[in-house]
Amino acid sequence: MDFDKCNALKAELADQPEPQVVPIGRFFDGNDDLGSIGCNLMDHPGVERFREVLTDLLDRPDVEAVYALISELDPGEDAWPFTDTVAVVGSIPAAELQNVVAPLQPDEVGTGDEFGAPESIKQKHNAPVLVAWWD
């Protein structure tokens with residue numbers, strides 16, 4: 001883990017109202033902490049696999065943005081901020097998103113309205129928001 005990047009991210013997010021939101025590329029920059037995402041999975045695919053699947057979404061024409069919604073900003077000195085929810089903005093159908101993120105074993109994929117996507121995302125984009133959530 002890049003502790004300088006981790007501390008910089010924590011400081012940056014501390015200035016945001018809750019729930020803090022970070023672009024997915026920024027969330028993974030310097031992050032190799034298995035506890036930062038999908039930590040309850042019995043067979044964790046690894047942070048690199050999460051990074052690959054979620055950042056690859058940005059290459060799709062039906063995806064405008066992908067964000068990590070921070071659930072716990074500072075879970076410990078040696079820990080990356082924790083997320084259990086990823087918001088995907090765009091016209092990608094929910095069933096297609098479910099297929100794409102299936103290797104990451106989310107517990108649910110649904111609409112931003114069902115999962116309470118932050119207003120900051122809705123205000124920034126004029127597109128539907130879907131959410132992938134890990135329990």
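Tutor: A salt bridge is a side-chain nitrogen of Lys or Arg within 4 Å of a carboxyl oxygen of Asp or Glu. This is a predicted model, in which local features need pLDDT of at least 70, side-chain atom pairs count only at pLDDT 80 or more, and totals for chains, interfaces and linings use all residues. Residues are numbered from 1 along each chain as its sequence is written, and side-chain values use heavy atoms, with hydrogens and water left out.

Student: What makes Lys 10 and Asp 74 a salt bridge?

Tutor: Their N to O distance is 2.8 Å, and the limit is 4 Å, so the pair qualifies. Lys 10 belongs to helix 1 and Asp 74 to the loop between strand 2 and strand 3, so the bridge ties together parts 64 residues apart in sequence. Helices (H or I, at least four residues) and strands (E, at least two) are DSSP runs, numbered from the N terminus.

Student: Why is Lys 10 called buried?

Tutor: Buried means under 20% relative accessible area, exposed over 50%, and partly exposed in between (1.4 Å probe, protein chains only). Lys 10 has 9% relative accessibility and therefore counts as buried. Asp 74, at 48%, counts as partly exposed.

Student: What makes Lys 122 and Glu 119 a salt bridge?

Tutor: The closest N and O atoms of Lys 122 and Glu 119 are 3.7 Å apart, and the criterion is within 4 Å, so this pair also qualifies. Lys 122 and Glu 119 are 3 residues apart in helix 6 (residues 119-124), and therefore about one helical turn separates them.

Student: How do you know that Asp 84 has no salt bridge?

Tutor: The nearest side chain of opposite charge, Lys 122, is 16 Å away from the buried Asp 84; the limit is 4 Å, so no salt bridge is assigned. For charge, Lys and Arg count as positive and Asp and Glu as negative, while His and the chain ends are not counted.

Student: What makes the link between Asp 84 and Ser 71 a polar contact?

Tutor: Their side chains are joined at 2.7 Å. A polar contact is a pair of N or O atoms within 3.5 Å; within protein, one must be able to donate a hydrogen and the other to accept it, and residues adjacent in sequence count only if both atoms are side-chain atoms. The distance of 2.7 Å falls within that limit.
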